[in-house]
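Let's take a walk through this structure together, one region at a time. Keep the sequence and the 3D view side by side as you read.

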Amino acid sequence: MVSNLPSTTSFPDVTIPWYHQAIASVLQTFRGDEKQGLDPLEVAERQQFYGPNEIQGGQGRNTWEIFLDQFKNIMLIMLIVVALISGLIDFAELRAQALPEGTIPFKDTIAILAIVILNGLLGFFQESRAEKALAALKKMSSPQVRVCRGGQILEIKGADLVPGDVMFIEAGSQLSADGLVLEAANLQIRESALTGEANPVTKQYRPEGLPLETPLGDRQNMVFSGTEVLQGRGKILVIATGMATELGKIAQMLAAVETSQTPLQKRMTHLGKILVTSSLVLVFLVILLGTLQAGNFSNLKNLIEVSLSMAVAVVPEGLPAVITVTLAIGTQRMVKRNALIRKLPAVETLGSVDTICSDKTGTLTQNKMVVQRLETPANSLTVTGEGYAPMGNFLLQDTALDLAQHPELQILLRACVLCNDAVLRQEAQEFVIIGDPTEGALLSLAGKGGFFAETLQATWPRLGEFPFSSERKRMSVICEMPPGEQAVEDKPYLLCCKGSPELVLERCQSYQTATGIFPLEARDRAAILQRNNEMAQAGLRVLGFSQRYLSEIPEAQAEAIAEQEMVWLGLVGMLDAPRPEVKEAVAKCRAAGIRPVMITGDHQLTAKAIAQKLGISDQKAQALTGIEISKLSQPELEAIVEEVDIYARVAPEHKLRIVQALQHRGRFVAMTGDGVNDAPALKQADIGIAMGITGTDVSKEASDMVLLDDNFATIVAATEEGRVVYTNIRHFIQYILGSNIGEVITIAASPLLGLSVPLIPLQILWMNLVTDGIPALALALEPAEPNVMQHRPFNPQESIFARGLGAYIIRIGLIFSVITIALMAYSAEAYPETWKTMVFTTLCLSQMGHAIAVRSRTQFTFTSNPFRNPYLIIAVVATSILQLMLIYVEPLRLFFDTQRLSSSQLLLCLGVSCLLFGWVELEKLIIHWHWTRKNPSKSR
């Protein structure tokens, strides 16, 4: 009795691979008793030692920490400093009563701080989604479980289980711990959440254990926390609880994965540092040169005001908002293509993906078993049709077969229906399966030949059966022949058998053809086994069928006698068929420089067959199994990861290692998954993609994107949208920063020309938020270029200024400033009362022409379709009207410190503003001329 054992604080190590040990040895080690269970005192000690049977989650940042983190951005810090200095100057002037009449005090400070807070809130709402993957893992424990303790059957909380407990499970149970099978009666468990594979796993008692290298998905003598019992019952010895379970190990991996900044976030951080550094350098130079020019500090106040205006001008205050809105627009586009973005930066990040690690089942395939091939003793047939719909043909050498001429095929289809427990029914426009997908595929096959379960199973009532087991690897049913059916030798009962082709065939003595029944010779058996091997090597799941007539119903334990001297009917080969659109999507990936990789828990042969059909690999491609990965060190895996396109029978830790190895080789990885086992790899990947239909809550919470249709082709569509988003972001960054550089240089030049600062901070904020922001948003709506998926992915390590963007920004900024400074020098002398408003207006209107011209670096504005992006036309017109309102609407004019312009002054501003547009178009002409010289044969 367990209660007589001495108390001890030394308990078994639950991390040992107990599935490899003999059951008797495990029971002795855990001091377990199958009949009595653990003593309550022993339970208390074990609960103290092992802790509660719960998944432990890490502590994330609280709401205030997330909010305050937003203001660590260097550009926002600089704006806060500018706001404080501006406020101090206003406060000093207010106390000295030196503020000009009509001036509103602190308006610059208030406006700047409002922008700072707005940007902080935008960042906060992006990051405030707390990581919920670990919380979702916690929910996967069953709240109640039946155990035997002290000789009594009790119902306890799953959290109270301890290693050594004897647990009882049945159909519908949600498992709360890992354990070894002590008893099993037709026990089938769905482990898809853990292994990723949809087919249920039959569990059995294995007294001697399993080989040490047995993969997780093949450990038939174990059950796992977080899985579900589909049918049967079992008695389980609990060997691991809490974080020691396979589910707990996944939680540990998930917690250990550190999320890094996306390429866009890194680029924006880099951009901020460059802008702030440049601004500080310019401020220093302006104050130094201005002081040297004056010979004293008499104009220090003016220089400080210039410096404040420069600091505000250099920071693109509207950029975070424009980027956020652009990403949000990208998410809406992606939703229309069945991709739901959970984290905004993932929209742009997709444009850098160069490797897509995809699960097989349901993503590359339809997640529907479909019979594709039949092998009768006389013929080899191909079966057409998609999904579970009972519509298709039987082809013999590409010619449709007349079933009326082939009674042996009709008998095979009848056996597919009778020896079957699934239900095929139509819901709305789709046929669905209730039960085992394999048996559902058989019903669909029979339906294509006109044999339906509703009719056959009623007219051929089932009177008995020999259920499938992992030892027998076959299932048989005994049916009563319907009235009017001719009995064979006064045998009114029919036995139909399906299962492992080898095991079914060895119990057959003859075979059926259209002309009769003939003895099975050795050469016939060899031919059947050869066909079976060919089908298996093609990745098909193969079942063998046979039948015999009986004179009486056999006893329940008489299967060994009843399943003898059967007639062989044929082989049925089925496959989770590839999605028809995926092959084209894979080809599109290849053309775009993106490498697809298959990572699956399925068998190696099946994985290779699907990969070859889809173009992911060829026949010579190397496939790596989970066992082989376990034997490799991480450096060894990294050395070969570039050459392997298929990974089969992998465990959760293998997926994580594969993603890490690819990233270490410089790859930018998107990873798909649907099960709990995928969560660590989804979180580790640069883009984690969860399945929306079959995905678990854990996988969705760990992901960046959810596929609403579980389709690989949707990933490719989302990648295309990601490239468009990044291209448009570059467009409006070059537009915004070109303007900012022009503003900064113009402001910096004013004291050197002996002028006061031409723009106050409030006017600069208006430019950066409105006259820059509205057209920039319109540029974000530019449609995709035709060749967007015809070039390699963007390098995630490239600077935002890469590929000539930096040079363009500096060049345009210089031209912009030269034009504006020339106007400033002229108007300050010609129109001393209004010159500042003229500079302000010219800067704003120049940007309108720039926005129209910047849409393309090579295509002339007047030769392109002006309505390709109608939003840009609307934005330019609306912004121009708003700018004019600041000059001519009295309340706005007073608030923004502008002056009314005469018609001649306004026309002068408009004319000067057109010069920037002309310059950009001239650059396009030079680029076109240069390209034509290098490619004379392609010139028009």
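A residue counts as buried here when its relative accessible area is under 20%. Keep in mind, too, that this is a predicted model.

The buried residues in α31 are L872, A875, V876, T879, S880, Q883, L886 and I887. Look down the axis of α31 and you'll see these buried residues fall within an arc of 125 degrees, so they line one face of the helix. And what covers them? The cover includes α27, α28 (773–779), α30 (835–853) and α32.

A search of the whole structure turns up 8 aromatic pairs. Take W18 and F30 to begin with: their ring centres are 5.1 Å apart and their planes sit at 65 degrees, so the pair is edge-to-face. W18 lies in the segment before α1 (23–30), while F30 is in helix α1 itself, so the pair ties together parts that are 12 residues apart in sequence. Both W18 and F30 are buried. Now for W766 and F896, whose ring centres are 5.3 Å apart with planes at 70 degrees, so this pair is edge-to-face as well. Here the link is between distant parts of the chain: W766 belongs to helix α27 (residues 761–771) and F896 to the loop between α32 (890–895) and α33 (903–934), 130 residues apart. W766 and F896 are both buried. Ring pairs also bring in F895, making a cluster of W766, F895 and F896.

S827 has a relative accessible area of 0%, so it is buried. Which residues does S827 touch, leaving aside its neighbours within four places in sequence? They are P832, W835 and M838.

Now over to the strands. There's an open sheet of 8 strands with mixed pairing, in the order β8-β28-β27-β26-β9-β23-β25-β24. At the edges stand β8 (339–341) and β24 (622–625), each with a single partner strand, so one side of each is left without a neighbour in the sheet. From one strand to the next, the twist averages 25 degrees. The partner of β8 is β28 (residues 705–707), paired in the antiparallel sense over 3 bridges, and A339 stands opposite L707 in β28.

Helix α20 (residues 604–614) lies across β23 (595–599), β24 and β25 (644–648), running at about 140 degrees to β25. Helix α23 (residues 652–664), for its part, lies across β9 (355–358), β23, β25 and β26 (669–673), at about 165 degrees to β26.

Last stop: strand β17, residues 474–480. Here 6 of the 7 residues are buried, so β17 is largely enclosed by the rest of the structure. Strand β16 (residues 462–466) pairs with β17 in the antiparallel sense over 4 bridges, and F466 has S476 of β17 as its bridge partner. Strand β18 (residues 493–499) also runs antiparallel to β17, joined by 7 bridges; there, R474 stands opposite G499.

Methods:
Residues numbered from 1 in each chain as written. Predicted model: local features only at pLDDT ≥ 70, side-chain atom pairs only at ≥ 80, totals over all residues. Heavy atoms only, no water. Pairing = 2+ DSSP bridges. Helix = DSSP H or I, 4+ residues; strand = E, 2+ residues; numbered from the N terminus. Axes fitted to C-alpha atoms, helices over the stretch in contact; angles between N-to-C directions. Contact = heavy atoms within 4.5 Å. Buried < 20%, exposed > 50% of the residue type's maximum accessible area, 1.4 Å probe, protein only. Phe/Tyr/Trp six-rings, centres within 6.5 Å; stacked < 30°, edge-to-face > 60°. Arc of directions from axis to C-beta.
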